Amino acid sequence: MVMGTAIDLLKNELPVDAESAVLSGDVRTGLVLVDIVNGFCTVGAGPLAPTVPDKQISKMVDESTKLARIFCEKKWPVFAFLDTHHPDVPEPPYPPHCIAGTDEAKLVPDLQWLENESNVTLRCKGCIDGFLGSFDKDGSNVFVDWVTKHQIEDILVVGICTDICVLDFVCSVLSARNRGLLTPLKNVIVYSGACATYDLPPHVANGIPGALAHPQELMHHVGLYMAKGRGAKVVSEVSFASATKG
């Protein structure tokens, strides 16, 4: 009850998602899917996967899948990050997860069809921040090249975790945009209903040495608020309209 009261107070004091987004062909828009892989989303798939069905994560997968299908039907550009790690390169403070070549590092079953879509770019990343994870050894950046190639003005960002990989990516992209590195990108839109994070309540964390409590609803809201504070547009609804340009 105390936690519920705290979350309600936080949402009232720090609102984030009263806006909506209407997408049309008038503005070149790309969809970015962040780490919607088995290792974070499929029950029992790994050490960082949910241990029981999770409503917030299930909704995120459903909403992201719906958006991906619409974007692919329209042949609009889609960029999907897949968290993928080599076993000899740790990522503290997290345990080994989403190891390359395992099912953990694969897209969830509902999204595996994206691998065969011509408008989709897949990027395996070995770090939390997908923007940094898009750099190749020659200094080029796959995400920057994607924005440039498709002349993307807006990106719609969805995925997991709201307050970790999604937030870090959004912050880096906004900084890169502000520095003129992502022309012609203008807006970063985060759809709250298609984002999710994990749940580690305080009473559970207290029994795990070194663990930090991570109440799901609270941290999801904090992630969205931080993204908004950095300049992202956080929306609670996404719809599509026909282009008006002739």
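The charged end of Arg-69 sits over the ring of Trp-113, 4.2 Å from the ring's centre. "Over a ring" has a set meaning: NZ of Lys or CZ of Arg is within 6 Å of the ring centre and within 35 degrees of the ring normal. Keep in mind that this is a predicted model, where local features need pLDDT of at least 70, side-chain atom pairs count only at pLDDT 80 or more, and totals for chains, interfaces and linings use all residues. Residues are numbered from 1 along each chain as its sequence is written, and side-chain values use heavy atoms, leaving out hydrogens and water.

**Charge over ring**
- Lys-74 also has its charged end over a ring, that of Trp-76, 5.3 Å from the centre.

**Ring pairs**
- There are 11 aromatic pairs in the structure; rings of Phe, Tyr and Trp (its six-membered ring) pair if their centres lie within 6.5 Å, and planes under 30 degrees apart count as stacked, over 60 as edge-to-face and the rest as tilted.
- Phe-79 and Phe-143 make an edge-to-face pair, because their planes are at 85 degrees, with the centres 5.5 Å apart.
- That pair links distant parts of the chain, 64 residues apart: Phe-79 is in strand E3 (residues 78-83) and Phe-143 in helix H4 (residues 142-150). Helices (H or I, at least four residues) and strands (E, at least two) are DSSP runs, numbered from the N terminus.
- Ring pairs also join Phe-79, Phe-81, Phe-131, Phe-135, Phe-143, Trp-146 and Phe-169 into a cluster.
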